[in-house]
Amino acid sequence: MDLQQALECVNLVPMFHSLPEDQKTEVAKLVVQHDYPKGTIIYLAGDTVGHFMILEAGQVKISQVAANGKEQLLKVLQPGDFDGEAALFNGDQRNVTATALVDSNVCQIEQGAFQKLLQKSPELSVSLLQTLSQQINNMQAEKTISSTSDMAGKLAKYLLETSAGLKENPFKLPLKKKDIATFLGTTPETISRTFKQLAAEDLVDVSGSKVRILDEDGLSMLV
């Protein structure tokens, strides 16, 4: 992976946004790219995952097994999303599983190499602490906004991100509709009604698991 491509991965992560360019370059030198075919388990719950993962292309689901033995979907990573920031600072076991929903490209930064860089560069350590503090404030604000968002907006956002991530339109939903419902925090019945609502407004065309976005701007206005 060349340095410019690695820098593009680093620039996808808010934690690194405010770093000076020379510090970003040092982080980019640590990036290693991995390709994961559809269905590949990237890591399992219980694994000690000593790396930070940035999704460059594709879709990755993060899930865990509930008390009743059923898989519980926690989130879906889209291109530009990342997972495992804590792995840069500790080697704790993960309590979730990451699986490639489609063919995916991932940029990874290993914990050991990153910690050595922090030891060599106190300025980078200070910059990261400042950025992480701001990220916590931003996440609290986003949580408030998210809690007031209606289901049509949440589903519209998911469909737009999925189409962009797959670079396809029409596209096949990587998740079953019941799993989309779990991911968006609602019921399968509500998801079905919302799909029908978007179709009735001529924003999408839905046939089984295949979706065609008819009005991207219209969907974007719902987000």
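Start by selecting helix 7 (residues 177–184) together with helix 8: their axes come within 8 Å and cross at roughly 100°. That makes helix 7 roughly perpendicular to helix 8, a label for angles of 65 to 115 degrees. Axes here are lines fitted to C-alpha atoms, for helices over the stretch in contact, and angles run from 0 to 180 degrees between N-to-C directions. Helices (H or I, at least four residues) and strands (E, at least two) are DSSP runs, numbered from the N terminus.

Before moving on, a word on the model: it is predicted, with local features needing pLDDT of at least 70 and side-chain atom pairs pLDDT 80 or more, while totals for chains, interfaces and linings use all residues. Residues are numbered from 1 along each chain as its sequence is written, and side-chain values use heavy atoms, leaving out hydrogens and water.

Now show side chains. On helix 7, pick Lys177, Lys178, Ile180, Ala181 and Leu184; they touch Pro188, Ile191 and Phe195 of helix 8, where contact means heavy atoms within 4.5 Å.

(Ala, Val, Leu, Ile, Met, Phe, Trp, Tyr, Cys and Pro count as nonpolar, Asp, Glu, Lys and Arg as charged, and the others, Gly among them, as polar.)

Next, zoom in on the loop between helix 6 and strand 9 (171–172), where Pro170 sits. Select Asn169 as well: a cis peptide bond joins Asn169 and Pro170, with omega about 10°. Lys167 is in the loop between helix 6 and strand 9 too, and its phi is near 55°, a positive value in a residue other than glycine.

Which residues lie nearest the centre of the second largest pocket? Select Lys38, Val102, Lys172, Leu173 and Pro174, part of a lining of 13 residues. The lining divides into seven nonpolar, two polar and four charged. Domain 1 (3–142) and domain 2 (151–221) both contribute to the lining, so the pocket lies between them.

Last stop: helix 1 (residues 3–10) and helix 3 (residues 21–28), packed at about 105° with their axes 9 Å apart. That makes helix 1 roughly perpendicular to helix 3. Show Leu3, Ala6, Leu7 and Val10 of helix 1 against Glu21, Lys24, Thr25, Val27 and Ala28 of helix 3.

How values were computed
1 Å grid on protein atoms, 1.4 Å probe; cavity = no way out; pocket = protein on both sides within 12 Å on 5 of 7 lines; lining within 4 Å. Domains from an automatic or database assignment. Parallel < 35°, antiparallel > 145°, perpendicular 65-115°, else oblique.
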